[in-house]
Amino acid sequence: MKFLTKAIKKVSSFLFCFGSAMAAIVLALLFVNEKSEYREDYGKRKKQEDEIEAKAEKKKQEAVKRISSASISDIADSYGTVCDAIADGKERFRRRIEAAIDD
């Protein structure tokens with residue numbers, strides 16, 4: 001009977017160690033797999049970022065060319081409309097505040 005209990009203890013400790021080792025291996029494999037997926041995703045994102053940067057640089061160069069070729073009066077007129085829109089917005093805001101205070 002003593003021999004049987006010793007054998008059961010040895011087998012159970014072996015199975016526990018074996019199970020723990022298998023769990024560690026599975027976790028390590030999952031970690032490595034996730035890392036490789038992360039690297040692939042990083043590569044895709046980096047490529048997309050590079051494409052976006054290239055498009056942005058192209059648009060920037062186009063804007064610089066347009067501005068440098070535009071006449072001063074055209075640029076001043078465009079700023080004038082912007083200033084008018086801002087002034088209109090401020091005036092509407094003042095009227096709202098006055099109406100709210102009066103109520």
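The structure holds one salt bridge, a term that here means a side-chain nitrogen of Lys or Arg within 4 Å of a carboxyl oxygen of Asp or Glu. The partners are R94 and E91, whose side chains meet at 3.6 Å, N to O. Side chains of opposite charge can pair when their charged atoms come close. Both R94 and E91 belong to helix α2, where three residues, about one turn of the helix, separate them. R94 is partly exposed at 46% relative accessibility, and E91 is partly exposed at 36%; partly exposed lies between buried (under 20% relative accessible area) and exposed (over 50%), with a 1.4 Å probe and protein chains only.

The model is predicted, so local features need pLDDT of at least 70 and side-chain atom pairs count only at pLDDT 80 or more, while totals for chains, interfaces and linings use all residues. Residues are numbered from 1 along each chain as its sequence is written, and side-chain values use heavy atoms, with hydrogens and water left out.

The overall form comes next. The chain contains two helices and zero strands, both being DSSP runs numbered from the N terminus (H or I of at least four residues for helices, E of at least two for strands). Helix α1 covers residues 2–69, and helix α2 covers residues 72–102. The C-alpha trace spans about 105 × 50 × 10 Å along its principal axes. The radius of gyration of the chain is 36 Å, whereas a compact globule of 103 residues would have one near 13 Å; this radius is taken over C-alpha atoms, and the globule rule is 2.2 Å times the number of residues to the power 0.38. Buried residues make up 0% of the 103 residues. The chain exposes about 9900 Å², and carbon and sulfur atoms supply 64% of that area, as computed by the Shrake-Rupley method with a 1.4 Å probe, where for residues only the protein chains shown count as cover.

T81, in helix α2, is exposed at 53% relative accessibility.

V11, F14, L15, F18, M22, I25 and L29 form a nonpolar patch with about 720 Å² of accessible area together. Its member L29 sits in helix α1 and is exposed at 58%.

Charge is present too: the chain has 21 positive and 18 negative side chains, and the centres of the two sets lie 17 Å apart. Lys and Arg count as positive and Asp and Glu as negative, with His and the chain ends not counted, and each charge is placed at NZ of Lys, CZ of Arg, CG of Asp or CD of Glu. A positive patch gathers K2, K6, K9 and K10; K6 is in helix α1 and exposed at 54%. E49, D50, E51, E53 and E57 form a negative patch, in which E53, also in helix α1, is exposed at 55%.

Notes: Patch = residues over 30% accessible without salt bridge, like charges linked within 9 Å, V, L, I, M, F, W, Y side chains within 5 Å.
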